[in-house]
Amino acid sequence: NNVVIGSAAADQITTQSYNVYVGVNSGRYINGGGSNVAVGYGTMASSGTAANNTALECVAIGNSVMAAITTGGYNVGVGSNALNDITTGAKNIAIGVETLDALTTGGQNIAIGAHAMGTADGDDSTALTGDYNVAVGAESLESLTTGAYNVSLGYQAGEAQIGSSSNTFVGGRAGTDITTGESNVAIGRDSLYTATTSGDNVCI
């Protein structure tokens with residue numbers, strides 16, 4: 001009950017069902033789980049012992065999307081290198097080139113736009129483990145590592161944010177220099193533009 005097209009695609013599959021793997025190395029080391037759709041070079045390739053890799057009900061479209069996934073499930077990644085480093089994280093949505101590319105174990109994040117909640121210049125050496133964040137706009141929340149409950153809408157909104165939580169940024173470059181400040185609300189282009197570590201601010 002599987003569709004497999006491409007050299008080494010689903011190479012270790014024995015027990016999975018209802019999967020579609022299209023592309024060289026797609027789903028190569030996934031053996032448990034099921035109901036995955038992976039299209040592109042190295043999508044959901046995983047590594048190591050196939051029997052331990054049980055990702056299920058994921059949709060991965062684009063080169064190297066979810067390339068490192070092991071047991072994470074219910075993820076959606078569309079765009080080259082989206083969710084590239086995810087292993088056990090679940091219920092994430094990443095749409096755009098290198099969106100959420102450093103996420104490993106975090107869950108229930110939504111990132112839409114090139115590099116949104118991704119990493120600067122594709123440097124994913126620092127893992128992202130944050131949960132419950134929303135970033136819409138190119139490079140929005142691009143530097144985030146551990147923060148949670150952040151909402152960032154707009155080009156480079158919250159771009160420098162590292163580990164802070166509970167911020168709301170709406171507008172191009174809103175709160176763009178905030179690194180660790182928490183519980184801020186910035187609405188409008190360049191609002192809270194120069195703030196860095198302060199918290200509990202409202203700027204409209």
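Biologist: What should I know about the model before we start?

Modeller: This is a predicted model, so to speak of local features we need pLDDT of at least 70, and side-chain atom pairs count only at pLDDT 80 or more, while totals for chains, interfaces and linings use all residues. Residues are numbered from 1 along each chain as its sequence is written, and side-chain values use heavy atoms, with hydrogens and water left out.

Biologist: How many helices and strands does the protein have?

Modeller: There are 0 helices and 12 strands. Helices (H or I, at least four residues) and strands (E, at least two) are DSSP runs, numbered from the N terminus. Along the sequence, the pattern reads β-β-β-β-β-β-β-β-β-β-β-β.

Biologist: What makes the protein as compact as a globular protein of its length?

Modeller: Its radius of gyration is 18 Å, close to the 17 Å that the globule rule gives for 204 residues, so the protein is as compact as a globular protein of that length. The radius is taken over C-alpha atoms, and the rule is 2.2 Å times the number of residues to the power 0.38. Along its principal axes, the C-alpha trace spans about 55 × 25 × 20 Å.

Biologist: In what order do the strands of the open sheet come, and are they parallel or antiparallel?

Modeller: The open sheet has 12 strands in the order E1-E2-E3-E4-E5-E6-E7-E8-E9-E10-E11-E12, with parallel pairing. Strand E1 (3-5) and strand E12 (202-203) are the edge strands, each pairing on one side only.

Biologist: How do you know that strand E10 and strand E11 pair?

Modeller: Two strands pair if DSSP finds at least two bridges between them. Here 3 bridges join E10 (residues 168-170) to E11 (residues 185-187), and the two run parallel; therefore they meet the definition.

Biologist: Why is methionine 66 called buried?

Modeller: Buried means under 20% relative accessible area, exposed over 50%, partly exposed in between (1.4 Å probe, protein chains only). Methionine 66 has a relative accessible area of 0%, so it is buried. You will find methionine 66 in the loop between strand E4 (59-61) and strand E5 (76-78).

Biologist: Which residues does methionine 66 touch?

Modeller: Contact means heavy atoms within 4.5 Å. Not counting residues up to four places away in sequence, methionine 66 touches residues including Met44, Cys58, Val76, Leu83 and Ile86. From methionine 66 to leucine 83 it is 17 residues in sequence and 5.0 Å in space, C-alpha to C-alpha.

Biologist: What makes methionine 117 buried?

Modeller: Its relative accessibility is 1%, so methionine 117 counts as buried. Methionine 117 sits in the loop between strand E7 (110-112) and strand E8 (134-136).

Biologist: Why does glutamine 16 count as buried?

Modeller: Because its relative accessibility is 3%, glutamine 16 counts as buried. Its place is in the loop between E1 and E2. Leaving out residues up to four places away in sequence, glutamine 16 touches, among them, Asn2, Tyr21, Ile30 and Ala55.

Biologist: And why is asparagine 25 buried?

Modeller: Asparagine 25 has a relative accessible area of 16%, so it is buried. The loop between E2 and strand E3 (37-39) holds asparagine 25. Its contacts, apart from neighbours within four places in sequence, include Ser7, Tyr41 and Thr43.

Biologist: Is tyrosine 18 buried or exposed?

Modeller: Tyrosine 18 counts as exposed, because its relative accessibility is 59%. Tyrosine 18 lies in the loop between E1 and strand E2 (20-22) and has a positive phi of about 65° although it is not a glycine.

Biologist: Why is tyrosine 132 called partly exposed?

Modeller: Its relative accessibility is 39%, so tyrosine 132 counts as partly exposed. Tyrosine 132 has a positive phi of about 60°, again without being a glycine, and lies in the loop between E7 and E8.

Biologist: What share of the 204 residues counts as buried?

Modeller: Of the 204 residues, 47% count as buried.
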